Amino acid sequence: MGVKHGRDYDGILTDLTAAVGEIPDSYLFFEMAEQDWMQLGIEEKREVHEALAEDLFYALGAEPVISVGSGVVMYDKDHHRINLLIGDEELTVVSLI
C-alpha cells in the first residue's frame, strides 16, 4: 500500500535510504548479526539500507510506527512526512510532498 505522497518516489527513496543509514544498528531490522553487517562493503550496506527504506515506505501505510534497531520510524500523515527518531531526539525528517 505505501504512504500517500506527492513527491517523486525516487527522491523519497533516496532521502529515506540516507536517513535509515543514520541508525547505527539498522541491520537489526533484518535480524542480521553485527559481525555479518561489519563484513559488508559500503555499497552492500547502501543496498541493504535501500531495501529497508523500500520496506518501510510500504509498511508505514499499514503500521504508522516501526522500530528499526535503536531507532523508530513514524509516518506523520497530517504533516506528509516520515520522522526517524533515535531515543528522544529527532534524527531526520523525510518530506513526502
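How much accessible surface does the protein have, and what share of it belongs to carbon and sulfur atoms? The accessible surface is about 5,800 Å², and carbon and sulfur atoms account for 50% of that area. The model described here is predicted.

**Secondary structure**
- The protein contains 3 helices and 4 strands.
- Read from the N terminus, the elements follow the order α-α-α-β-β-β-β.

**Overall dimensions and packing**
- A compact globule of 97 residues would have a radius of gyration near 13 Å, and the protein agrees with this because its own value is 13 Å.
- Along the principal axes, the C-alpha atoms occupy a box of roughly 40 × 30 × 20 Å.
- Of the 97 residues, 33% count as buried.

**Charge**
- The protein carries 6 positive and 20 negative side chains.
- The centres of these two sets lie 9 Å apart.

- His49 belongs to helix α3, which covers residues 42-59.
- Is His49 buried or exposed? Its relative accessibility is 9%, and buried means under 20%, so His49 counts as buried.
- With neighbours within four places in sequence left aside, His49 is in contact with Thr17, Val20, Gly21, Ser26 and Trp37.

Notes: Residues are numbered from 1 along each chain as its sequence is written. This is a predicted model: local features need pLDDT of at least 70, side-chain atom pairs count only at pLDDT 80 or more; totals for chains, interfaces and linings use all residues. Side-chain values use heavy atoms; hydrogens and water are left out. Helices (H or I, at least four residues) and strands (E, at least two) are DSSP runs, numbered from the N terminus. The radius of gyration is taken over C-alpha atoms; the globule rule is 2.2 Å times the number of residues to the power 0.38. Buried means under 20% relative accessible area, exposed over 50%, partly exposed in between (1.4 Å probe, protein chains only). Accessible areas come from the Shrake-Rupley method with a 1.4 Å probe; for residues, only the protein chains shown count as cover. Lys and Arg count as positive and Asp and Glu as negative; His and the chain ends are not counted. The place of a charge is taken as NZ of Lys, CZ of Arg, CG of Asp or CD of Glu. Contact means heavy atoms within 4.5 Å.
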